[in-house]
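Q: I am new to this structure and would like to learn how to read its features one at a time. Could we start with the strands and then turn to the side chains?

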Amino acid sequence: MFLTSLLVCVVACGDSNPAETPDAGQSRPDASVETPDSGNPLPDAGTGEPDAGAETPDAGTEEPDSGTGTPDAGAETPDAGSETPDAGSGTPDAGGPADANVIDNGGFEEWPGALPALWSGSTSNIEGVQKVTTQAFEGVNAARLINPLTAHRRFSTLAKSMPAGRYTCTYQARGTGEVRNGYFGTDFSTTYSSYTTVDPQTWKQVTYTFNLANPVFETFELIFSVRNTSGEHLLIDNVRCVRTPEPCDQVSCEAWARCDNATATCQPLSGRCDDATDCNEWQSCDATHTCVTAEERCTRHADCAATPETPVCDTTTHLCVEGDPCDGVTCNNPATSCNPTTGVCELSEGACFTTYDCRGDLPACDAATRRCVAADHSANIIRNGGFESWSMRSIPYQGVYSVPDFWYGLDNGVADPGTEIKPSRLVRYTDAVHGGMAALQFVVPIQVAERFSSEKFNVPAGNYSCSYRVRGHGSIRHRSYSSGGWSPQTDFLAVDSDEWQPVFFRFTGNVRDWRLFFYPSRSVADRAHLQVDDVVCTKD
């Protein structure tokens, strides 16, 4: 009675394991391009039961191909997903059976959606890919590739890791069209194989070989390049790639060495070493197995700086000898001179290529002389950039205040922004300046930053390098605006020092109504709030 009840329950309840949900992340739906497989070829409605997926395909009308190869469905678990590819610091695993297929789902048996699983990688650009369920070379399915154009289209595997080595690939092809192969590693292989024209009636085996000189991590894709398809188009099945075993497959080397297949031994990489015998005679092998310059030897004059009586490096013997490192050195740029320690032409003291080179007391670069100059030099396009000159001005809605000349630009609000900070927050500061006799002090112990602007002016074409100096305690950032629009917004700079700190930026000229904005906030009295001095912009 109990057994009868159990059987009734099994029949009524059905299979409690639902069909597997397709992995939507492994393939791209190609529903808009694929032709439904309902009319060509005709459905096999008379010779056998429809293949419902849960039972063995019809084996009565055709003898199973049990002699030429192992069926790629059911007898072996596809190598996909069971192991995470080694994309870290090691070489991809080259182990496993010598004839193991490295191509996942090479028989196109797994087809969770519009595309076969583990295919259609990033290099694919073919639009026509269809599932073929009749007359596959082996198993149940094959793949149809459609490209009637003379220009080739690619169909590839998903990216994976591959160990270095020589690979032999074979696959079966049938239909009408041409196919060739290549691969993508860190870039496309330098050459494709020659095109193969396939037979419309019988499966034809195609062979493709390639060599990976170095392991590839998470980017390898095997590529099928297809063109001129018609009729049944081009069908492929049973894709297999096998790596040729090498002696070094069984040898593990340290990170600084690589196995040599000729001897099956670990040999140091270029510039690396096991001991000093692996280095040049003037080098030693350090603790990191790297060849370095040995004590009392040299490769450049700077290595001889510790021995001023022998300041020259003889690159033939790699010994420090007597002489002048600058002997025979000619510096063609007037802003450079020979460094007596290195023997190399370097920027001379006080010289500059741009304002970025002027980091001392003189903040601006004069392009005519390539020398660093003061902020009040004519090379500086910022008027009164040192905040030396102040005047009493009537500020709308505020009253009469002393403000720096050519600053406190008053414009037209949002469409043409200008200064919004109260003039009472601006002070001529003389206690500690970067250059000249005065600096600008911001007294802004508030959380919200307010704009302070220079008056606008036109800037000729060219590239301009700029800087300003800031000290005190608070936050500040800058930005510019002109007929060319806003410059990129900079981050707030947190300032908490009595030392003057340089801030550098660049912009491109050939604009009208250019003006510079400062946004001070959060100033603290312990360092006299915020001070800014020597604002300069010079043409490169």
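A: Let us begin with an open sheet of five strands, which follow the order β1-β2-β10-β5-β8 with antiparallel pairing; strands here are DSSP runs (E, at least two residues), numbered from the N terminus, and two of them pair if DSSP finds at least two bridges between them. The model is a predicted one, in which local features need pLDDT of at least 70 and side-chain atom pairs count only at pLDDT 80 or more, while totals for chains, interfaces and linings use all residues. Residues are numbered from 1 along each chain as its sequence is written, and side-chain values use heavy atoms, with hydrogens and water left out.

Q: Which strands stand at the edges of this sheet, and why is one side of each left without a neighbour?
A: The edge strands are β1 (128-132) and β8, and because each has a single partner strand, one side of each has no neighbour in the sheet. From one strand to the next the twist averages 35 degrees, where axes are lines fitted to C-alpha atoms and angles run from 0 to 180 degrees between N-to-C directions.

Q: How many bridges join β2 and β10?
A: In a regular strand the side chains alternate between the two faces of the sheet. Strand β2 (residues 142-146) pairs with strand β10 (residues 234-243) in the antiparallel sense over three bridges, and Ala 143 has Ile 236 in β10 as its bridge partner.

Q: Which residue takes a positive phi in the hairpin of β11 and β12?
A: Strand β11 (residues 257-260) and strand β12 (residues 265-268) are paired in the antiparallel sense over four bridges, and the bridge partner of Arg 258 is Gln 267 in β12. Four residues lie between the strands of this hairpin, and Ala 264 is the residue that takes a positive phi, near 55 degrees.

Q: How many aromatic pairs are there?
A: Rings of Phe, Tyr and Trp (its six-membered ring) pair if their centres lie within 6.5 Å, and planes under 30 degrees apart count as stacked, over 60 as edge-to-face and the rest as tilted. By this rule there are 26 aromatic pairs. One of them is the tilted pair of Tyr 183 and Phe 210, at 5.0 Å centre to centre with 35 degrees between the planes. This pair links distant parts of the chain, since Tyr 183 belongs to strand β6 (residues 178-184) and Phe 210 to strand β8 (residues 204-212), 27 residues apart. Both Tyr 183 and Phe 210 are buried, a word that stands for under 20% relative accessible area, with exposed meaning over 50% and partly exposed in between (1.4 Å probe, protein chains only).

Q: Why is the pair of Phe 442 and Phe 452 edge-to-face?
A: The ring centres of Phe 442 and Phe 452 are 5.5 Å apart and their planes stand at 75 degrees, so the pair is edge-to-face. Phe 442 is in strand β24 (residues 439-442) and Phe 452 in strand β25 (residues 452-453), ten residues apart. Phe 442 is buried because its relative accessible area is 0%, and Phe 452 likewise counts as buried at 0% relative accessibility. Ring pairs also join these two with Phe 387, Trp 407, Tyr 408, Tyr 468, Phe 505 and Phe 518 in a cluster.

Q: Where does the charged end of Arg 180 sit?
A: A charge sits over a ring if NZ of Lys or CZ of Arg is within 6 Å of the ring centre and within 35 degrees of the ring normal. The charged end of Arg 180 sits over the ring of Tyr 192, 4.0 Å from its centre, and Arg 477 lies over the face of Tyr 519, at 4.3 Å from the ring centre.

Q: How many salt bridges does the structure hold?
A: Side chains of opposite charge can pair when their charged atoms come close. A salt bridge is a side-chain nitrogen of Lys or Arg within 4 Å of a carboxyl oxygen of Asp or Glu, and the structure holds 13 of them. Among them is the one between Glu 178 and Arg 227, whose closest N and O atoms are 3.2 Å apart; Glu 178 is in strand β6 and Arg 227 in strand β9 (residues 216-227), 49 residues apart. Glu 178 counts as buried at 17% relative accessibility, whereas Arg 227, at 24%, counts as partly exposed.

Q: Which residues are linked with Arg 527 in a network of salt bridges?
A: The network links Arg 527 with Arg 471, Asp 496 and Asp 498. Within it, the side chains of Arg 527 and Asp 498 meet at 3.1 Å, N to O. Arg 527 lies in the loop between β30 (511-521) and β31 (530-539) and Asp 498 in strand β29 (residues 493-508), so the pair ties together parts that are 29 residues apart in sequence.
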